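Reader: I am new to this structure and would like to understand the terms used for it. May I ask how each description is reached?

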Amino acid sequence: MHKHGLHRRAFFGWLTVGWVAFSAALGGFLSLVFRYTYPNVNFDPEMDFIAGNPDDYDEGVDERWKNGYGVWIIKQEGKLVALSNICTHLGCIPNWLPAELKFKCPCHGSGYYMNGVNFEGPAPRPLERYKISLNSEGRVVVDKTKIFRYEKGQWDHPDSFIEV
Amino acid sequence: MKELVNTLSDPKYSFTGVIIGFYLFMKYYRTIGTVKFFISSMIIILGVFIWMMQDPNFHAIIVWPDNVPIVILLFAVIFFTWFSIYKAAINDARIEGGETPVEGSVENREKVWTWPNLVYTELMAGTLCVVILVIWSIFLKAPLEEPANPTWAPNPAKAPWYFLGLQEMLVYFDPWMAGVVLPGLIIVGLIAIPYIDTNPKGNGYYTMAERKVAMGGFLFGWLALWVYLIIIGTFLRGPNWTFYGPFEVWDFHKVVAEANVNLSEFFWIKGLGISMPSNIFLREIVGLIVTTGYYVGLTLLCNRSQLGSSLMKSLGKIRYYLLILLLLTMGLLPVKMYLRWLFNLKYLVAMPEFEFNL
Amino acid sequence: MKLETGMAYRSSTLIRWFAFISILFLFSVLAMFLDDYIRPWKGWQIKSLAVKREKLKKDIEAKLGKISPEKLAELENSFESAKDLVEERQESIRKLEGEINTISGQIHGAKLELSVYNGRVAELTFRWEHAHAHGDPRAPKLKKKLDHNRVLFAATKEKIKELEASKKGPLAKVSELKAELIAAEKEQQKLFGQVELLKGALAKTDISNPVWILRNAPFIDWLDPTIKVEQVVLDHITDDRYFRHVPKVDRCMTCHTFIDQKGFEDQPNPFKTHPNLDLMVGLASPHPMKSFGCTSCHGGEGHRINDFNAAAHTPQNLGQQKSWEKDYHWHAPHKVPEVMNRLQYTEAGCYKCHKGVEMIPMAHKYNRGKELIKDYGCYACHVIPEFEEKRKPGPPLNKLASKLEKNWVKNWIWNPFGFNSKSRMPSFFRQSNNSKPEFENKNIAEVNAMAEYLWDQSEEYRPFGRYKGGNVAKGKELISSVGCISCHQVEGIEASQKVGAKKAPYLTGTGSKVDPHWLVSWVQRPSHYAPETIMPSFRLTSREAQDVTAYLLSLKNDSFSAKTFAPLDKGVRDDLLLEYFMAFDTKGQARGKLAVLSDREKTLELGKRSLGKYGCYSCHSIGGFAPGRAPIGPNLSTEGSKPIHQFGFGHEKIPHERDTWIFHHLKNPRRWDKGQDKPFKDLSRMPMYYLSDDEAQAMTLTILGYTTHRVPEKGIKRLDANEAYAEKGLKHVAKYNCTSCHKIDGVGGDILAAYEDDENEGPPWLVDQGHRVHSDWLYHFLGNVYPIRPWLKVRMPSFKLTDREKNEITAYFQAKAHEHSFRPSPSAPVEWEPGERRAALKLFDALACASCHTTGFNRDDPMAPALQMTKRRLRSSWIEKWLANPQAILPHTTMPNFWEDGEAQEPDILGGDPKKQITALRKYLQEIGHDQIHGELNRSSTSR
Amino acid sequence: MAKKQSLAQYVANTQVWKSIFRHGPPNNARNRAAVIAGNVFLHLHPIKLKRSGVQLGYTWCMGGLTFFVFLSLTVTGVLLMFYYRPTAEYAFNDIIALREHVPLGIMRELHRWGAHLMVITVWLHMFRVFMTGSYKPPREFNWGVGVVLLVLTLLLSFTGYLLPWDQLAIWAIAVGSNMAKATPFLGHGGPGANLAQIGDFVMVSDKNDVRYQLLGGRFVGEPALLRFYILHCVFIPLVVGLLIAVHFWRVRKDGGISAPL
């Protein structure tokens, strides 16, 4: 009886070991497959570019970098800022309506003032600004990897604008 | 007249209409579930539809190739909803008279040979389906627009039609709610139906009287929310996702006054007239209280009601609270819609710092 | 033990086996994971962090060392006191901040209102315009509503403005109250800002930091790893995937972590900084890493990072190979589309983008190889890119009989180096593969026949001059001073060895070689004998020509010319001819063909065939050989991509590598025949140039550059308009060897080596020549050379230039100087300001210009160019620039700087304003100038 | 005798015929049973079923039609794959080619409208099942499987939407996939994403969130086209096929078409 019980325990011990090992291995395998779906490098386009000289820009919204780089350069109140052209609602691309002095998203109608602050439609927050700086040759460099968000109070950060 | 239709089809009014209609539908389903009613109403509907099709703007929206399936779906939904109500009405009458439902009659319980009865039925249905598909394909070309251009979004940019209900929800909710939480709850809710609905009656035959709550809940979600939102999203949302009546030109420049205000702004700025506190949670305290109140308060209220206590008894606690949670979350949508229309409320809780907006 | 009923196995056994196999499975998954996670490049990156850490620590120490402790204490004090000060004012600050808060709330509220009115105005505007345009009766009502809302909108906006204005006061007060603290913080930031930045960077290199470990931890290292594959994707340089080109991807910087960062020059590879960041890789260089990657120039498989060998690293030399074998298990790359260039051959990568240019700027090794290819005339026998239109490198042989003796020619062909140690005619005979007696006999017959054929084809030529004897010493003096040594090295003339010119043949043993009458005619007017020659005329007088000839004739090599060349063996000749005929005919037919020919015809036939066989016609123009005949050597235009198995290594024990083969082939082309039993007609014929290792290596590099790579249009270096003109002209400048005398914008001036004592005695530097002279003058001058600096012994020779060449050379200088105007030199009279002319005259006297620039003035011993030529020759702007600071243009010039440091030497004239003085002087020079372009000065016309 | 034998009889008597069909014409009880039981495709059906199960008025045949449309989509889809290359350079032109110069240019229409039809039939199937209460015990699990199949049908259609690589396609997918961005904690635009950050270690960003996994990049580009192609043509159909098998098996095991107890 006693012997039988021991046997039984050993029996369940091996069964547990087997299934635990099997599930762990299978889980590991599937995790690696999951990891496989994230490539180690990406071929997305460059995230920074040189956007001419500060003098190239007039007061207002400049759309020359919208296509290709997805950036509006806006000169307002002595500051040059690089505004993202991605709607904070669902990532559509708003249009600049010069007559109404606002950005309007065609997807769900979010509206933004020239400075990028939202005022109508479903957009939850203002447009994002990118890092903008002057390089050693005095040219404007826009770096899209660094983002400044209004609602976090980041628009006062010295990298988020150039004084002109 | 067209002007009136345009105005009335604005969700503000039409959604209210749909809710009233749904109530009447549930109440008078036996009248609706008659052939006479169907034929007369079909004549009216088709007449109205043909009249509407005379309008170039409406015509243009309807015949846009990717919208055709929705028109087909629409008529199919009308027909099949009526048809099941029709059968349910018959069965309900029989049950009241002490008979079995039609499906349970001795004749229908008799077993028949699969070959050739079912096999040929299926074969013919399939063949007919191919015929429909071929004719559809011959007359309607699959849409193809300009080559993909990641730098320029068309206006309006719409998701596939079966997701337009979700896209329409985005007007009232943040993407995490409309795109993730609500669809997720829909799926979970659907899977949960058989486990929540413990009513043993109505299994295997059409009936309304024997499972009114289940029918009401499901049909409301299915017709009043899902199908209705798809129709709005597909036919009545134009450039800038602005609302356009069925007879309105999709004028790119149309502007609708929209100045939405968060609950916190209502409270601190408009109500108390002081600036917003810098602490996020303090700032949003009202919204947090209201949201908690919505779930907890309404649940408590429901517990006290007669229906609530009887449900609690019959379902048990887990089923009951799950049901309440699902219903309340489904109810969030109409609640949010009305809050938007009545008070221009943007968010109950607005925490863009955490991307948490409700 | 008995099994249970219905069981095939004992349960316990089954379960144990299952457990065992599951554990195996678990381990295999673990092994798979580790295999994936542990990659060699990760090791290099982690090592590079340690390197960076060391550097940052040093930088921080250096920065901190600069801050004095007194200053630190002072700063601390001022900070503390500022803090106390502001603390005292805390109450009023708090009050003000409360005020600001209230106003902010009001602004917020007003803005909410504003957005309501804004929306209403927008909607009503749309609706009213719509109604108005369509004649809707509701239009007036809508308009009224719109106007009402507009008023509200404007009022709200006004309110916001007022509120914002009222907020400014308290805001300013707050910052005033906090001013000291803010200032102190700024001061601190100024002092420690950079150190803080460095410290931040240092923290990132700390691999014991838990965050660092987490970021690079197994499995979650996709989130935001710091150890990761770095790469550049090149838009306009592609990998050739046969019928498709795909953008090149380079990941070299994954291990070569600091390749584009300054400050790691002393690190061992792979952490070394690129040695030439200003030209390559650097962000501001013309070839930034992001646009050009690495393998575009270096070659190799830049996208492969998991194996040192997969990237096709190629060692520089055996030593490096050995150490790589030890460190990285290096083996020769195989099955690799493109092997890396050895370090010494890196410049081979330049050519694929820089095509169609005479020289590639900064690619010194490549340019040297190309120069050597040009000098040795490789392009004559091989098709080589960029050399398609070059003239034949050897002299024409169609008037040979009037110049040389037949016996000498035979000896020369047999062994050119026996006569001229620096011969550029290569050796075809007496080589390792044809020095068997049997082969030598045949070769002797061939040489004899070739000479006979050349004499047979030689045209009549009568030298126009007669050599009557001259002064050898004077001749020697002339040769060393007049300019010959810029192209020739001449035996017995030391200066010529100093210059070491290689453009033209080394002149040795001339007296034993050429006919004296021919020579005297040649030195005087080379084009009389060879119209196509590039040798210019130095405008020697006949006396001078006699002297020069006398010196050249005094150079003898009689032992060479005295040797009588072995006579033609007719039997051998006939055998050779039979072999030729039998290539297509039967033996009988061949014999028949031979029998028909006369004895002389047989010799000439063999001569012609031999000249064809050895490709003599490629370098020399020979009668009877049509000009369009295909070159004898293989096409080298894709040699750098030729598959390795297409190179014949024979039985030589040499590593089977492309560059090695080319190098050894250049050194000794006949070596591949070693150990092979080849019939006479199949022997390798590429001649021997006796190249030095250095030369062979340079040429190998250049040839390796000729690959099949097709860089897309976008990636190729395109010349702008200036560069294109400069490039066109440069071809002529190179052809006529202008740079051997003139240092053009810092390049060339080889002959100046002979004028170490005083460069003013040598040919003038051409600095900014396009800006300096009028283009029409230069054009004229190139066709009609006249002395500008009559005191110089070296002469600008007269080249036979076509109009087009003159034009393009002029344009070359203009383009180089970025001078876009082709304005002819001024002809209108000078316009004077009042009193300016008098001042100019005074200055001209005071500065004693005429004491050096004498011709046409009062002395006959000029030391500087005649000023009368100034008007038509020099551009006004250049004259002023020259006057202002001559040394800035020509450091060695004897022209004094009269306005040193912008200070006039004559403060009385024109108020001592240097600018005005220079202008006045320039105007004067232009006034006294001659009008005709030609510089033959008419003395009588000069006046003061 | 042999002369009178018709051709049909002759063929039916050959060894080949008999090896394939092991029973006579299904005109008697034995053979009607045999034809269903002996055929791999037909044996999904019971040999006999309740009369209401055959009635179109009860079942609307929507489930069967959904399966049928799925099969026809598989066939047309496989045929379309012969001409379609999922790359940014070619995808659009190949779609044009399918209509303009490939024979049977209606193939794409059949596939696209078929896809819409399948969404409709699967919805109506679910509607019918709910209306007849057929999800009730013992069929709860199969209803769950059905809901998953409904979701997968929508995903199939959604992933296929991108493949023509036109404006309609990428912007519909952009709008749709941006919702993944808003997934709480897993999408970089969702609630809680910015809590998952230690110093400059951003755990949820546009480079590692669920949308990146879905698209293989930060936006709808060529990797997204490839991923959607694989999902559409291989991955989801395999899962759907598997679940359909489960679904059908459970229909049989749970008592066939529902009927009053």
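Reader: What separates the centres of domain 1 of chain D and domain 2 of chain D?

Author: The two centres, taken over C-alpha atoms, are 40 Å apart. Domain 1 of chain D covers 1-48, and domain 2 covers 56-253. Domain bounds come from an automatic or database domain assignment. Two remarks on the source belong here. This is a predicted model, where local features need pLDDT of at least 70 and side-chain atom pairs count only at pLDDT 80 or more, while totals for chains, interfaces and linings use all residues. Residues are numbered from 1 along each chain as its sequence is written, with chains lettered from A and ligands numbered from 1 in the order in which they are written.

Reader: What makes Pro138(D) partly exposed?

Author: Pro138(D) has 13 other C-beta atoms within 10 Å. A residue is buried if 20 or more other C-beta atoms, placed from the backbone, lie within 10 Å of its own, exposed if 12 or fewer, and partly exposed in between. The value for Pro138(D) is 13, so Pro138(D) is called partly exposed.

Reader: Where is Pro138(D) found, and which residues is Pro138(D) in contact with, leaving aside its neighbours within four places in sequence?

Author: Pro138(D) sits in the loop between helix 8 and helix 9 (140-162) of chain D. Helices (H or I, at least four residues) and strands (E, at least two) are DSSP runs, numbered from the N terminus. Beyond those neighbours, Pro138(D) is in contact with Asp254(D) and Gly255(D). Two residues are in contact if their C-beta atoms, placed from the backbone, lie within 7 Å.

Reader: How many residues does the contact take from chain D and from chain B?

Author: Chain D gives 84 residues and chain B gives 74. On the side of chain D, helix 8 (residues 107-131) gives the most, with 14 residues. That side divides into 53 nonpolar, 21 polar and ten charged residues. Here Ala, Val, Leu, Ile, Met, Phe, Trp, Tyr, Cys and Pro count as nonpolar, Asp, Glu, Lys and Arg as charged, and the others, Gly among them, as polar.

Reader: How do you know that strand 1 of chain B and strand 1 of chain D pair?

Author: Two strands pair if DSSP finds at least two bridges between them. Strand 1 (residues 111-113) of chain B and strand 1 (residues 48-50) of chain D have three bridges, in the antiparallel sense. Lys111(B) has Lys50(D) as its bridge partner.

Reader: What does chain B itself have in helices and strands?

Author: Chain B has 16 helices and three strands. Its C-alpha atoms fill a box of roughly 75 × 60 × 40 Å along the principal axes. Of its 358 residues, 35% count as buried. Chain B is divided into domain 1 (2-106 + 115-142 + 203-241) and domain 2 (263-357). The C-alpha centres of these domains lie 33 Å apart. Six residues of domain 1 are in contact with five residues of domain 2.

Reader: How many residues of chain B are in contact with chain A?

Author: 19 residues of chain B are in contact with 17 residues of chain A. The side of chain B divides into eleven nonpolar, five polar and three charged residues.

Reader: Why is helix 16 of chain C called roughly perpendicular to helix 20 of chain C?

Author: The axes of helix 16 (residues 472-482) and helix 20 (residues 542-553) of chain C cross at roughly 95 degrees and come within 7 Å. Axes are lines fitted to C-alpha atoms, for helices over the stretch in contact, and angles run from 0 to 180 degrees between N-to-C directions. Angles under 35 degrees count as roughly parallel, over 145 as roughly antiparallel, 65 to 115 as roughly perpendicular and the rest as oblique. The angle is therefore in the roughly perpendicular class. Residues of this contact include Val472(C) of helix 16 and Tyr551(C) of helix 20.

Reader: What makes strand 5 and strand 8 of chain A edge strands?

Author: Strand 5 (95-97) and strand 8 (118-120) of chain A each pair on one side only. The open sheet has four strands in the order 5-6-7-8, with antiparallel pairing. Two bridges join strand 7 (residues 111-113) to strand 8 of chain A. Tyr112(A) stands opposite Asn118(A).
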